[in-house]
Amino acid sequence: MINLELPKKFDFLIGQAHSVAAEVMRPNSRKYDRAEHTYPVELDMLAAVINGMNESGALSGAGAAGATRDRSSENGASASASADRGSTRNGSNLASVLSVAEVCWGDVGLLLTMPGQGLGNSAIAAVANEEQLQRFGGKWAAMAITEPEAGSDSAAIRTTARLEGDEYVLNGEKIFVTSGDRADLIVVWASLDRSQGRAAIKSFVVERDNPGMKLDRLEHKLGIRASDTANFVLEECRVPKENLLGSPEIELGRGFAGVMQTFDNTRPLVAAMALGVARACLVATRERRREAGVVIDYDAPPLAQSAAAAEFLAMEADYEAARLLTLQAAWMADNGKPNSLQASMAKAKAGRAGTDIALRCVALCGAVGYGEGELLEKWARDAKILDIFEGTQQIQLLVVARLLLGKSSAELK
Amino acid sequence: MPSQQQNLSERSMAIGLRALNRFAGSPVVDRLGLRDQAERFLYGASKTTVRTATSAGRKFAAAQKLTKPARQPTKASDLFDLTPTDEQSMLSESVRDFALEKLRPAALGADAACLAPPELLTQSNDLGLTMIGVPEELGGAVSERSAVTAVLMSEALARGDMGLAVACLAPAAVSTALSLWGDEDQQATYLPEFVGERIPAASLAVLEPRALFDPFRLETTVRRAPGGYVLSGVKALVPRASDGELFIVAAALEGRPALFIVEAGAGGIAVEPEPAMGIRAATTGRLTFEDVELPASALLGGADAKVYAECIQLGRIAWSALTVGTAQAVLDYVIPYVKERTAFGEPIANRQAVAFAVSNIAIELDGLRLATYRAASRADQGKSFAREAALARRLASVHGMSIGSDGVQLLGGHGYVKEHPVERWYRDLRATGVMEGGLLV
């Protein structure tokens with residue numbers, strides 16, 4: 001039965017996430033925006049609380065690690081069984097996007113540097129085997145994909161991995177590694193054989209203290225300054241061969257799929273981050289607007305209201321579309337439906353709507369919006385990254401177009 | 001669930017057979033047969049302002065007495081779910097087949113003639129469109145109140161053609177309004193006609209001819225008079241105005257908007273053709289009411305402000321649903337076109353400038369679709385939906401139009417000529433930001 005309201009069972013989860021956002025994130029937002037590269041110690045206490053809540057199930061899926069394809073539904077068993085009964089699942093993917101959005105209403109930079117909730121954790125959750133899950137469980141894992149010469153074009157990765165005995169030896173340079181200096185583990189993408197293209201690209205789990213992986217520098221950024229962004233040089237960096245995620249074979253034609261599958265899970269999460277920032281902006285702007293005496297009437301046509309009211313309605317409508325696209329992608333993952341198309345559509349819409357809404361809210365609030373006395377100007381800086389990482393706007397449009405048009409990456413470049 | 005389906009298919013079949021049986025001798029056919037097609041074309045499409053009185057129409061009278069108004073029950077769900085019920089899937093699939101096989105081929109001619117072919121309207125009646133919103137005890141087809149079902153059917157129809165969809169759905173707006181807000185006498189008088197074999201041409205008239213029109217600030221007025229009311233004013237772009245037998249008219253009563261049931265036979269109603277940029281197959285017309293006397297029983301929904309607001313909101317959801325259907329038609333049309341059309345030695349789909357336009361159509365269409373479903377599902381669950389309806393309308397108005405524009409653009413010069421339907425969809429999709437009323441879900 002078509003219903004786009006949230007189930008009551010998530011009320012508690014969202015309430016918890018809201019408390020975290022209001023009590024821990026917001027009070028520290030400006031502090032760590034100014035003190036870039038300083039570790040937010042307040043988060044250690046929070047991480048312990050969240051782990052406790054995870055164990056009790058109260059905040060299941062509060063972070064990136066919660067976004068995982070249900071292992072039993074992946075082989076089709078439980079999802080098709082529940083489909084046969086005509087029932088629908090509202091599970092960990094939906095819970096994750098809701099809690100991530102709620103925490104990002106507080107602060108997206110702080111969420112990105114939440115201990116134990118890195119994007120590498122998502123990759124491990126999505127493709128690791130049981131032994132790896134055991135070994136890497138409870139650790140904080142960052143993700144290292146981008147290189148100076150390979151951003152969105154991840155098939156052009158130059159970092160290499162060669163097998164020597166029981167170890168892979170990694171060589172190359174990785175940039176833009178979120179929480180790279182703070183995490184326990186880095187999931188590094190590298191090629192087993194650069195002549196074999198994307199099929200040869202595999203991901204390897206590297207311990208942060210591996211002497212072969214050297215921190216080059218931390219970036220100074222437009223926004224999300226609470227979250228550090230590290231650049232690494234890998235020189236003869238040796239990792240046990242058991243640290244390769246997924247199959248070690250180079251399977252032409254499909255090898256890349258395992259790596260890319262991570263994105264189907266993480267893109268809705270980044271979309272959710274954009275929703276959180278956008279909602280923060282809308283709520284703050286609504287308060288300022290009310291002080292200015294602008295009232296929104298949902299019944300009156302926007303064109304018959306003030307420009308400020310009409311603009312607010314327009315932003316709310318785009319927020320609504322982005323939000324529902326994100327919920328759709330997560331719901332499909334919960335129900336074992338392939339969602340590559342919907343995940344990229346959600347990321348594309350939420351990424352651009354988030355930036356657009358944040359910037360318009362700054363303009364609508366004038367000096368109050370632009371000044372550092374409020375957080376609006378910060379949110380507008382933070383929002384921009386969400387239309388860039390985990391695949392830029394343009395990459396999402398490319399993914400969507402290739403799926404809709406049935407084009408290969410060779411045909412539609 | 002099985003009993004409902006059986007119920008529905010039994011009913012549809014019964015109605016279909018009855019319709020076939022009575023069709024030859026039907027007065028509707030006689031009346032339409034009197035009007036030569038060519039004459040209708042000139043009449044409908046010309047810019048002449050010939051005003052005619054509305055047809056005397058049929059006499060509506062209660063056959064049975066109800067003790068209380070019948071309402072469809074509502075149903076709630078606690079899980080986020082995008083899966084339609086089996087019944088909804090079945091209905092929207094059969095409507096989509098009808099839309100693609102019957103409406104689409106007729107659309108070009110109907111657009112030019114400003115007229116929906118009568119046989120198509122009869123066939124669409126057999127689909128049970130006017131019965132969806134009617135309670136079962138009054139002969140309706142679906143046991144629960146479902147704006148979502150109406151949205152799915154509207155979307156499916158508009159995939160064939162928006163103008164013809166409006167023509168088909170206009171009477172359903174009236175039957176749904178009577179089901180939702182009619183008292184026992186109003187329901188007994190009018191609803192049997194909408195579940196019978198000869199569905200009246202009917203329409204919900206809200207829009208007025210002026211810029212920045214606000215349906216909550218009406219210039220059409222009703223004043224109290226001994227024994228009833230007197231109606232005066234002008235309604236614009238009313239679907240199927242010229243053959244309309246029954247109207248529900250939005251008019252201000254003592255400064256507050258309300259709904260009135262107006263039979264076409266009431267004296268003082270003039271109708272003139274008002275063809276527009278698009279949705280021409282809906283034969284839009286302008287209705288002028290000059291001191292039209294209405295009985296006391298004409299007031300629908302007791303001048304309740306909540307009823308009127310709901311009526312406007314449900315109308316906005318309906319137009320959003322049509323936009324979803326037509327925007328889907330655009331997407332379905334441009335995908336094969338850009339893959340087949342070559343330029344500079346390869347399909348134009350291989351160019352990002354073209355491919356990204358297709359991606360954006362799909363993204364905004366899906367967002368609009370979900371927003372429309374959400375507004376309708378909130379209505380079904382008895383939750384407030386003014387905000388959600390406004391947001392769906394905004395998305396439909398802005399993104400629906402840009403999808404229409406991109407549809408033409410992607411075909412280039414070929415999109416600008418009537419050889420391809422994108423030219424018509426461009427004109428049709430502008431209706432969403434303009435229209436109020438006319439349809440209900």
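At roughly what angle do the axes of helix α10 of chain B and helix α11 of chain B cross? Select residues 352-380 of chain B for α10 and residues 386-411 of chain B for α11: their axes come within 9 Å and cross at roughly 155°. Axes here are lines fitted to C-alpha atoms, for helices over the stretch in contact, with angles running from 0 to 180 degrees between N-to-C directions. That crossing makes α10(B) roughly antiparallel to α11(B). The cut-offs for that wording: under 35 degrees is roughly parallel, over 145 roughly antiparallel, 65 to 115 roughly perpendicular, and the rest oblique.

Before going on, some housekeeping. This is a predicted model, in which local features need pLDDT of at least 70 and side-chain atom pairs count only at pLDDT 80 or more, while totals for chains, interfaces and linings use all residues. Residues are numbered from 1 along each chain as its sequence is written, and chains are lettered from A and ligands numbered from 1 in the order in which they are written. Helices (H or I, at least four residues) and strands (E, at least two) are DSSP runs, numbered from the N terminus.

**Stop 1: the helix pair, in detail**

Stay on α10(B) and α11(B). Their crossing is left-handed, meaning the near helix is turned anticlockwise from the far one by less than a right angle (clockwise would be right-handed). Now show side chains. Among the α10(B) residues that meet α11(B) are B:Val354, B:Ile361, B:Leu368 and B:Arg378; on the α11(B) side, the list includes B:Glu388, B:Leu395, B:His399 and B:Leu410. Two residues are in contact if their C-beta atoms, placed from the backbone, lie within 7 Å. By class, this helix contact has 14 nonpolar, four polar and five charged residues. For the classes, Ala, Val, Leu, Ile, Met, Phe, Trp, Tyr, Cys and Pro count as nonpolar, Asp, Glu, Lys and Arg as charged, and the others, Gly among them, as polar.

**Stop 2: chain B as a whole**

Zoom out to chain B, with its 13 helices and 11 strands. Of its 441 residues, 55% are buried. Buried means 20 or more other C-beta atoms within 10 Å of a residue's own, exposed means 12 or fewer, and partly exposed is in between, with C-beta atoms placed from the backbone. Of the chain B contacts with a separation of 6 or more, 80% join residues 24 or more positions apart.

**Stop 3**

First, B:Ala170, in helix α7 of chain B. Is B:Ala170 buried or exposed? B:Ala170 is buried, with 28 other C-beta atoms within 10 Å. Leaving out residues up to four places away in sequence, B:Ala170 touches B:Ala202, B:Ser203, B:Pro239, B:Arg240, B:Ala282 and B:Gly438. Draw a distance from B:Ala170 to B:Gly438: the two are 268 residues apart along the chain, with C-alpha atoms separated by 6.2 Å.

Next, B:Leu237, in strand β4 (residues 228-238) of chain B. B:Leu237 is buried too, with 25 other C-beta atoms within 10 Å. Its contacts, again without residues up to four places away, are B:Leu207, B:Glu274, B:Ala276, B:Thr284 and B:Met435.

**Stop 3: over to chain A**

Chain A has 13 helices and eight strands, and 52% of its 413 residues are buried. Select 8-130 for domain 1, 140-245 for domain 2 and 255-405 for domain 3. Domain 1 of chain A puts 22 residues in contact with 20 residues of domain 2 of chain A.

**Last stop: where the chains meet**

Show both chains together. The contact takes 41 residues from chain A and 39 residues from chain B. To find the chain A side, select α10 (307-334), α11 (340-370) and α13 (393-405) of chain A, the elements that give two or more residues to it. The largest share, 12 residues, comes from α10(A). Coloured by class, the chain A side shows 29 nonpolar, four polar and eight charged residues.

Technical notes:
Domain bounds come from an automatic or database domain assignment.
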